[in-house]
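Let's take a friendly walk through this model together. Have a look at the sequence and the fold before reading on.

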Amino acid sequence: MPRQTPREQKRPPNPAFSPISGSSFFDSASQVAVPSRGLDFRVYYTQPKNANGTVMVCHHGAGYSGLSFACLAKEIKDLSNGDCGVLAFDARRHGKTTQLDLPEDGTEDEDLSIDRLVSDFFELVQVMFPEPTRSPSLLLVGHSMGGSVFVRACPLLLEKKYRITGVAVLDVVEGSAIEYLPHMHNLLNARPDGFDSTEEAVEWHVTTNTIQNPTSARVSIPTIFKQVQDAYKVYQWRTPLRSTAPYWSGWFTGLSSAFLSARTARLLILAGADRLDKELMIGQMQGKFQMEVVPGVGHMLHEDDPTRAAEILVEFWRRNERVVIGVKKVGEL
């Protein structure tokens, strides 16, 4: 009879990487049903002091969640003295957003095509702010995949008469993204299939420098995993990135053109001096957008250095809100 290999000994969870609630970073967390999209969105929100002020609306990258903006949201509230609100949400198949009517077998709709994500966000805005003329001004802040969603959603919102202060794209350039896509599968091969605890998942993200800020990782990482009973690794990825591969090209193709054509102020924040593609290089020389580089951070720049990211975004907001009709300039009574 063959000898059985003993099951791998589980490490006790390291309390230094224990989860931190998002409740101290946002004023509220709620579920917002959007029947037209068949979704129940998880929304994290800190309102601006002035109901007609500005809200930075944040869209996370693939595989992450709205809580990746938690530390940033707190910094923005502090830096703006509460004048600028922050709203972050979980996209479909991410975080705590769920389908309203799952099939009997529980199989989730996996479609993450760019047009679908744009429509999801567009309908969510109309549910949360049903009267555009009374809505706060919106500053759209999108990380990676989220940036692609926002530059395409911007003209739809403007057509509906929403006030858009600007659009900020975090760490994604069309040319570089598309060049890197063929190497993504090799990167994903190095990822564990799961973890024995949320602490272990947080620790992996920190020790691999996927997220350099342990506090942010302790807030944002637990929500991107789901608990699977009787599995070898109990905590498994909520959105396995390999399953999103059919949509990668669609997310990023045409991003530069959509960004440069957005009829609002434009900001590109990069981690390190990424190579701009030809379209963005010409646009930068023509002064069509503001570009900032945050040193010493990785792809999750808003988590790695939320203080610097918030400084850039608040400065961008203050510089551009004055051109938005109905929004008072900084310092006005």
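Leaving aside its neighbours within four places in sequence, which residues is Asp-171 in contact with? They are Ile-269, Leu-270, Ala-271, His-299 and Leu-301, where contact means heavy atoms within 4.5 Å. The model is predicted: local features need pLDDT of at least 70, side-chain atom pairs count only at pLDDT 80 or more, and totals for chains, interfaces and linings use all residues. Residues are numbered from 1 along each chain as its sequence is written, and side-chain values use heavy atoms, with hydrogens and water left out.

Now zoom in on Ser-144. Its loop runs between strand S6 (137-143) and helix H3 (145-159), while Asp-171 sits in the loop between strand S7 (164-170) and helix H4 (174-180). Here helices (H or I, at least four residues) and strands (E, at least two) are DSSP runs, numbered from the N terminus. Ser-144 is buried, at a relative accessible area of 11%, and Asp-171 is buried too, at 13%; buried means under 20% relative accessible area, with a 1.4 Å probe and protein chains only. Not counting residues up to four places away in sequence, Ser-144 touches Gly-61, Leu-170, Val-172, Phe-252 and His-299.

Note on methods. Buried means under 20% relative accessible area, exposed over 50%, partly exposed in between (1.4 Å probe, protein chains only).
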